[in-house]
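Hi there,

Here is the structure I promised to pass on. Have a look at it first, and then read my notes below.

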Amino acid sequence: MANALFQPMQLGNLTLKNRIVMPPMTRSRATQPGNIANDMMAQYYAQRATAGLIIAEGTQISEMGQGYAWTPGIYSQEQIAGWKKVTDAVHAKGGSIFAQLWHVGRVTHPDNIGGQQPISSSALKAENVKVFIDNGTDAPGFVDVVEPREMTKQDIADVVAEYRQAALNAVEAGFDGIELHAANGYLINQFIDSEANNRTDEYGGSIENRLRFLGEVVEAMTDAIGHDRVGVRLAPFTSLNGTVDKTPTETYTAAAVLLNKLNVVYMHIAEVDWDDAPETPAEFKEAIRDAFKGPIIYAGRYNTEKADQALLSGLANMISFGRPFVANPDLPTRIKHGYPLAQHDPNTLFGGAEQGLTDYPEYQA
């Protein structure tokens, strides 16, 4: 089926072979100690290299940035070397891959960050949020998050510098670019959303102030590695990990205007994707399209038909398929030919080894 998803696409200096994106999905299989990407992860991503673009799972920019057990980092030389195995494997299969750079802020537990107190925009605990720690077994042990401390101006400057270095490390590791994780209730989102930020300085209060940290991080990274290699992920209407904004349409339209001015290579919008979630308002998508002139990726509950419609409408330029990529390494081929999709095993998403990661077969006609 030759449809809009299979048109090639120019993304910065990359020519992508289709408009199907594998979005970042935490799988928690980094080698311990050291949270290092490994051969098993390289095989997993290489199996999925027929995607137009792979955005690798969130990778923390520092020890303090880690939210969950067994997630990979990109701040040590061993971690850079581990990711190089992944990027080499994907490139050998003709794929393109971005790193997703991640700082979780308050969405963590001292056991995941060397016993320290988490940091956030404000000293506000995320309500009803759990993370998993390594409790000495193979199964993740879920615990409540703790109250963070409010970041000082020096903390903010330090984290901006960590993001800049992480972008340089990603390029050293062979990634084609990076995606800034500014979604799903993690650190940057904790500055953006009004109900997670009660600061009274220039990083809190007005929408412009709450977007300041996002802007500083993006500028640091585009200065380091170039505009054509920096994308940003936002989640305007989700309340994931306890971050809520009072005026999401205004806040995130302003974010799109800012990112357009900063000339990022794409904007990646995560829509709410639980079963009875409300649809993203059409007028919001139109406002975003008016505000941001670069490529826009949408993620969330897309099937082939809905994806095609989004591309043909011009509101989206690429579409992310998350969970379908877990169990269907050859997802683009299955979409193209209308082959049935395999279902993933939810019990093997986080932690463990090859089972549920690299053992899903390609479709045999």
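Predicted model: local features only at pLDDT ≥ 70, side-chain atom pairs only at ≥ 80, totals over all residues.

Residues are numbered from 1 along each chain as its sequence is written, and side-chain values use heavy atoms, leaving out hydrogens and water.

Is Asn317 buried or exposed? It counts as buried because its relative accessibility is 19% (buried is under 20% relative accessible area, exposed over 50%, partly exposed in between, with a 1.4 Å probe and protein chains only). You'll find Asn317 in the loop between α9 (304-313) and β14 (318-320); helices here are DSSP runs of H or I with at least four residues, and strands are runs of E with at least two, numbered from the N terminus. Its side chain makes a polar contact of 2.8 Å with that of Arg289 (N or O atoms within 3.5 Å; within protein, one must be able to donate a hydrogen and the other to accept it, and residues adjacent in sequence count only if both atoms are side-chain atoms).

Now the strands. Eight of them close into a barrel with parallel pairing, in the order β3-β4-β5-β10-β11-β12-β13-β14; two strands pair if DSSP finds at least two bridges between them. Within it, β12 (266-270) and β13 (296-299) pair over four bridges, and Met267 stands opposite Ile296.

Cheers!
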